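The points below go through helix packing, sheets and a few individual residues in turn.

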Amino acid sequence: TMRMAHEIMPDFLNLYACFLPGTEVYTPSGPRAIETIHHEDIVLSYSSTTVVTNTLRRQYNGPIYHIKARYLPHITATAEHPFLIAVLQRDTFNRIKVSETRWKMAKDLHCFNSANLHDSYDAVIVPKDLLKEEATFINFSPFVRGQIGGRTKGLGPGGQLGPKGRRYLSPWPMTEQLAEFIGWYVAEGSRGSKKLNQVVLTLSVNEIENIKRVRFLISDCFDFKTRLIISDPEKVGRSAVINFTSKVLRRALPVICGDKAINKRVPECIMRATKPIVKAFLKGYCEGDGSINSANGQHAVGSCSQGLIKQVMLLFLKVGIVPGYSVSPAKISKPIRKGGKPIKANEFYRLSWTVASERNNYVQDDRNFYIPIEKITSESYEGPVFNLSTADETYAIPFIVHNCQTYPGSPLWDQAKKEEW
C-alpha cells in the first residue's frame with residue numbers, strides 16, 4: 001500500500017512524519033527500537049497502553065530535528081512529526097504555569113530561553129500512568145528439571161522433586177521482599193560455580209548492613225542458607241561474596257534478569273507491578289549499584305546496559321521521581337564478553353536525582369509531568385525512517401508523540417476538543 005502511494009502521490013507521502021532508526025518506543029517491558037516494533041505489539045501511549053495497527057518504513061531526504069528535553073534522552077524526528085506539548089509561562093509571581101496543551105510539529109517547537117525567563121517555551125508530556133499497576137507473579141517452572149514421582153520415561157530429565165523443588169512449579173506472587181532481592185540481583189548478582197549450582201551476589205566488604213540485608217532476603221524469600229566469603233585481605237577493593245546453592249535459581253535468574261552487566265534488565269513482572277513493589281525493587285537496585293554525593297545529596301545509579309537504565313528511568317517516573325539521564329564514556333578495565341566474543345562497551349548510562357528537592361525544573365499535575373525542551377538542532381538526512389499507527393493514535397518515546405496531525409473525525413480529534421488542547 002505504501003509503495004503504491006509513493007508511486008501515485010510521492011509529495012503527499014513525504015508528509016508522513018517519522019523517526020530515525022534506533023529511536024526507542026516504550027513498551028510495558030521497556031524500550032525497543034522503532035524498527036523492531038510489529039503489527040499488534042502493545043506500546044505505551046497517552047491512554048497508558050495501545051495496540052500497534054500498522055508500521056511504516058520509507059526512504060527520506062530532508063531536514064531532521066534533534067530534540068533534547070531536560071532529564072530525558074534526546075530523540076531525532078523528521079520536521080513534520082507532531083509532539084504533544086505544553087506551553088509553559090511564568091506568571092507575575094515567577095511561578096511556572098501551563099498556559100495551553102496542543103500538538104506541535106518538530107520544526108515548530110520552542111526550547112527554554114535562559115536569557116529571558118519570561119519567554120514562553122514548550123515542554124514534552126509524560127503521563128504519570130504510563131505503566132499500569134497490577135498484581136504480578138514470577139514463574140520459575142520452566143527452569144525445573146524434575147518431576148513429582150521421579151524419573152519417568154518420556155517426561156524429560158531430572159529425578160524426583162523434593163518439597164523445595166516442587167514449590168517452583170507454581171507462579172510466585174511478587175512481594176516487596178522478593179522484589180528487593182531481584183533489585184539486588186540485577187545490581188550485583190551472577191552465576192557462581194556450575195558444579196556447585198551456586199548463585200552469587202558480590203558486595204564491598206565495607207557494606208556490613210547491606211550484607212546482612214541480602215542474606216536475610218535470601219533466607220526469607222527462598223529459605224536457603226548462605227555462605228559469606230571475604231576476598232584476600234591484601235587485595236585492594238576487597239569484596240564480600242554471598243552465595244547459596246539452588247539449581248533452579250541458578251538457571252532462572254540469569255534468564256529473567258540477564259547474566260552479564262551488559263545485558264542486565266528489569267523483569268516484566270517488576271515493570272507491571274504496583275508502586276510498593278516497584279519501590280522495593282528500586283531500593284535493592286539502588287543500594288547495590290547506586291551512590292550518593294555527600295556534597296549536594298544527589299543520588300545516582302549507572303550501568304553499561306542502556307536498556308536497563310531506561311527501564312529504571314520508567315520505574316522512577318512510575319513512583320513520581322523524574323531522574324536526569326546522561327551518557328558518558330565507559331571506563332571498563334577488561335572486555336565484556338557475550339557468547340564468548342568480547343563486546344566493546346563505549347558508553348556508560350547514568351540516572352541522577354535529588355530526594356525531596358524543591359527546585360525541580362519541570363511542572364507536574366495529577367496526571368502528567370511537563371518537562372521543558374532545552375535544546376533543538378537540525379541537519380539534513382538521507383536514509384530510512386520509521387513510524388507507527390496505533391489504536392489511540394499516540395505512543396510514548398517516553399513522552400507522547402503522534403504519527404500525523406489530528407483530523408476531524410479521528411478519536412484524537414474528539415479527545416483534543418474535549419480536553420481543549
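Predicted model: local features only at pLDDT ≥ 70, side-chain atom pairs only at ≥ 80, totals over all residues.

1. Sorted by class, the contact of α8 with α9 comprises 10 nonpolar residues, no polar ones and two charged ones.

2. Two packed helices are described by the angle between their axes and the distance between the axes. For α8 and α9 the packing angle is about 135°, and their axes are 10 Å apart. Because angles over 145 degrees would be needed for roughly antiparallel, the arrangement makes α8 oblique to α9. The crossing of α8 and α9 is left-handed.

3. Both helices also lie against a sheet. Helix α8, which covers residues 275–289, lies across β15, β16 and β20 (347–354), and runs at about 85° to β16. Helix α9, made of residues 306–318, lies across β16, β17 and β20, and runs at about 15° to β20.

4. The sheet in question is an open one of four strands, in the order β15-β16-β20-β17 and with antiparallel pairing. Since β15 (290–292) and β17 (324–329) stand at the edges with a single partner strand each, one side of each is left without a neighbour in the sheet. From one strand to the next, the twist averages 25°.

5. Within that sheet, β15 and strand β16 (residues 298–303) run antiparallel and are joined by three bridges. Which residue of β16 is the bridge partner of Ile 292? The partner of Ile 292 there is His 299.

6. A further open sheet of four strands has the order β11-β12-β14-β13, with antiparallel pairing. Here β11 (189–191) and β13 (227–230) stand at the edges, and each has a single partner strand, so one side of each is left without a neighbour in the sheet. Neighbouring strands of this sheet are turned against each other by 30° on average, with direction ignored.

7. Strand β12 (residues 198–204) and strand β14 (residues 239–245) run antiparallel and are joined by seven bridges, and Ser 204 stands opposite Ser 239 in β14. Helix α6, which covers residues 247–257, lies across β11, β12 and β14 and runs at about 65° to β12.

8. Is Glu 180 buried or exposed? Glu 180, which lies in helix α4 (residues 176–188), has 4% relative accessibility and therefore counts as buried. Not counting residues up to four places away in sequence, Glu 180 touches Arg 213, Leu 217, Ala 280, Phe 281, Lys 283 and Gly 284.

9. Most residues other than glycine have a negative phi, and most peptide bonds are trans. Against that background, Tyr 71 has a positive phi of about 80° although it is not a glycine. Tyr 71 is placed in the loop between β4 (48–69) and β5 (75–78), and it is buried, with a relative accessible area of 16%.

10. Glu 393 likewise has a positive phi, of about 70°, although it is not a glycine. Glu 393 lies in the loop between β22 (368–390) and β23, and because its relative accessible area is 10%, Glu 393 is buried.

11. Where is the cis peptide bond? A cis bond joins Ile 397 and Pro 398, with omega at about 10°, and Pro 398 lies in the loop between β23 (395–396) and β24 (400–401).

12. The last point concerns His 110, whose place is in the loop between β7 (96–105) and β8 (121–127). With a relative accessible area of 48%, His 110 is partly exposed. The C-alpha atoms of His 110 and Ser 120 are separated by 8.2 Å, the two residues being 10 residues apart along the chain. If neighbours within four places in sequence are left aside, His 110 is in contact with Lys 104, Tyr 121, Asp 122, Ile 373 and Ile 376.

How values were computed:
Residues numbered from 1 in each chain as written. Heavy atoms only, no water. Pairing = 2+ DSSP bridges. Helix = DSSP H or I, 4+ residues; strand = E, 2+ residues; numbered from the N terminus. Axes fitted to C-alpha atoms, helices over the stretch in contact; angles between N-to-C directions. Contact = heavy atoms within 4.5 Å. Parallel < 35°, antiparallel > 145°, perpendicular 65-115°, else oblique. Left-handed = near helix turned anticlockwise from the far one by under 90°. Nonpolar A, V, L, I, M, F, W, Y, C, P; charged D, E, K, R; others polar. Buried < 20%, exposed > 50% of the residue type's maximum accessible area, 1.4 Å probe, protein only.
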